[in-house]
Amino acid sequence: MSDVVRELNNNEAGEPQATDFMKDLIRKHLAAAIEPVIAELPTPDPLHTPVIRSILSDVLPLFVEQRDQVVALFLQSAIELAESLPEEESEPVRKLLLKCVQYSPSPGRDGRLWFSYLTLLTLLKRDLDCREAEHAATPLPHSTPPPGISISIGPVTVDVAFADLLKCFWTDWLDSPCHCCQEPFSDKPPIRTFAAAKEETHSTHDIHIRIFNRHLSCLKQSQAFYIPVSHVWEPAIRDAHASRLPTFDANLAIFSAIKALLSSSSGVFSPNVELWHDYYSVPQWNETIQKSLLLNLPMIYHDADEILVQLSDIGPYVIQTLFNAAPNQHDLSSYMKDMSLYLCLQLIAPVRSLCASQWTTRMWTTMEYSVSGRASIMDQSNRIWRTYEGKHETSRNTLGHLLSCCSTALVGISDFALNLTVKIFTVVNTLSDLVPEQGSMENTCLGEALELIAHKQCQYFRDRFIALNIMLNCNALPGSTGIPTNNIDACMSVFGGAMERGDPSPLLLQPRESILDSNPGPGTPSWLVGCHSFDAVAWDLGRQEKLPGLRITVNGGLVETELIFAGVIEEIQQFDVEKCGNLAGIDWTIELLLRMARGDGTVLSAKKLVDGLYRVFPLEHFYSMTMPKPHDVAFSYEDLQNRDMRFAQRIEKQLARYVNAPEGGPGASLREAVALEISRMLMLKQQTTEIGASYEVNLSVGSGVPTALCGLCYALILGITLLLEPKSFGFRG
């Protein structure tokens, strides 16, 4: 049975390592990890193990064939351990196998596969937690209050008791004139930064900081090196903000965070570095100043040379593992050729951990990073990761590199754990868009920005329009980001403003019909898709490659523009859902391409046939929306020809058979056979099945692949529209 897994392993020498890793994982963690699942199961007699082995061995080749080698190795290792371990030690393993065989496959979903995946993920998570525990920072004890903080502002230095920390930072205790111009803050809020104080003090407190209050304009003119901190609020801070009561836990969070920041940044950044952190820089209980600072938020992050991202639930092992997986920062794909089953097992837990981290799932942190130039990282152990270009002269986008490593690693994992990969790809494909070169958000269209934040967490729906407007106007002056309080008015303001800047993407948003209120209601302009919920919006045109150059005006909800001729719609054919991507679609497309060629007085070549089929079935685009593109799949005539120099001849041979097929029943059967062979040569059947499976996972539209393929109906119409005279609309895909 070991040959099953080894057969398709890219690095055969790595397979024994993978087996040893898997068996060690099962021995260490299985009993505790799935005890609630198997507690009520009877213990199988050792004599039953060969029967279980026989049942599961039949499905292992199937799992390998569908690129789920990780599950095949997991079950294979469990069977071998069940037979080799002493009876008492093997009991949890035998119970696991018994539970697995109790599941039966159903159309589009194999219970054995998903039970095995969930169990394996639990084991990998426990193993990751054990590794991270070795590096965890020691939390401050709750028994006795820690000391307070010594704070200097201007010529004054005061000691602030621990119990008064929240009052100090969140009210008016730190108010002062501008540090630069000495003028008061009348209608503009102070941009408050802090740094480790350099002067001596007689205070008994260990922490001594200096506060700087500046106008935003003065901050720019001073050229002070400041670093905004992007982070997720702790529960105690959220509760104190809502209740306006200073609790012990909230004060402890304030004290712990500033202690960690000052300690960790020492020696990493310039000695003159200042930090901006909303725990300390925003008087949260002063609503007027707080709201005013919210409007300045994009400029604070945009104007900084660098930001610091706190990944408070990501440990150093995760970060180091992902960096080690792609040591070449300038060629992330180079290591993919050497991806092995063993490396895949090491990467699954770190990739899932980063994708599910608090910071990556929040909307405001996404916005903060999207308008910044580059970011360093502070992990769960309070270590700061900061990589450099050249000889330690300029820090690079360390977080961007980490996200690139994560996205690239996921593509490698997909070669061994495809069905697992598509479940988390929806997170990572947004991560891959969050790897900006400096200023890349400046050409972002509204559709792309909306897709970036649509599924991120935030407390108020209206905040999504504020964040969206900030991302599209990161260079806007403070105060220009005011958004109406009504959701529909807010949507019209942001969408209409984008169109008047020449961005047509609001008109291309598609409602998700399965979600209630996905379409605007009566009396609301039909182009305000998303005015009730971003979950009800679909944007599947990818990134904007170039500005469309349209002049659009919005007047009372009416949109006016001059349209560009793109081509003639030759024909629209709607297939039954079950036939989407099947022989009916391929046969019909070949016939259409032949009729178009005859109408033009030309001959349908192999290249035009393949290009036409890929336009009607834009599989590369659907892969980009749902799952990583496999390394062994080609999506163009040129790539297929490079892999097989006789490819064009073989296509032309099949095309000749199709053209010369007689009329009537025998001819129809022959044309279907040709369509089947061409589908096989282009791997259309296999790819639409894989994409359909990922649609089922991501969109939950049904239990079977045919139902999941309903999205390809849209692809057929779109592709046929562009067959005759394709134009670039400025969007990838």
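Before the first click, a word on burial: buried means under 20% relative accessible area, exposed means over 50%, and partly exposed is in between (1.4 Å probe, protein chains only). What you have loaded is a predicted model, where local features need pLDDT of at least 70 and side-chain atom pairs count only at pLDDT 80 or more, while totals for chains, interfaces and linings use all residues. Residues are numbered from 1 along each chain as its sequence is written, and side-chain values use heavy atoms, with hydrogens and water left out.

**Whole chain.** Start zoomed out. The chain has 31 helices and 17 strands; these are DSSP runs numbered from the N terminus, helices being H or I with at least four residues and strands E with at least two. Of the 733 residues in the chain, 53% are buried. Take the contacts (heavy atoms within 4.5 Å) between residues at least 6 apart in sequence: 74% of them join residues at least 24 apart.

**Two loop residues.** Now select Asn-382, in the loop between strand E10 (375–378) and strand E11 (384–385). Asn-382 counts as partly exposed because its relative accessible area is 27%. Check the backbone too: phi is positive, about 75 degrees, although Asn-382 is not a glycine. Most residues other than glycine have a negative phi. Next pick Gln-223, which also has a positive phi, about 55 degrees, without being a glycine. Gln-223 sits in the loop between helix H10 (216–222) and strand E7 (226–230), and its relative accessibility of 71% is why it counts as exposed.

**A crossing of helices.** Show H2 (residues 15–33) and H7 (residues 87–102). They pack at an angle of about 75 degrees, with their axes 9 Å apart. That makes H2 roughly perpendicular to H7, a label for angles of 65 to 115 degrees. Axes here are lines fitted to C-alpha atoms, for helices over the stretch in contact, and angles run from 0 to 180 degrees between N-to-C directions.

**The cores.** A nonpolar core is a set of buried Ala, Val, Leu, Ile, Met, Phe, Trp, Tyr and Cys residues joined through side-chain atoms within 4.5 Å. Which residues have the most contacts inside the largest core? Leu-468 and Phe-495, in a core of 125 residues. Helix H6 (residues 69–84) supplies the largest share of this core, 10 residues. There is also a second, separate core of 40 residues, with Leu-166, Ile-237, Ala-253 and Leu-308 among them. Back at Leu-468, leave aside residues up to four places away in sequence, and its neighbors in contact include Leu-446, Ile-453, Val-494, Phe-495 and Phe-534.

**Around Thr-247.** Go to the loop between helix H11 (235–243) and helix H12 (248–265), where you will find Thr-247. Thr-247 counts as partly exposed, at 33% relative accessibility. A polar atom of its side chain lies 3.1 Å from the backbone nitrogen of Ala-250. Thr-247 and Asp-164 are 83 residues apart in sequence, yet 9.9 Å apart in space, C-alpha to C-alpha.

**Last stop.** Select Arg-352 in helix H16 (residues 341–355). Arg-352 is partly exposed, with a relative accessible area of 32%.

Methods:
Angles under 35 degrees count as roughly parallel, over 145 as roughly antiparallel, 65 to 115 as roughly perpendicular and the rest as oblique. A polar contact is a pair of N or O atoms within 3.5 Å; within protein, one must be able to donate a hydrogen and the other to accept it, and residues adjacent in sequence count only if both atoms are side-chain atoms.
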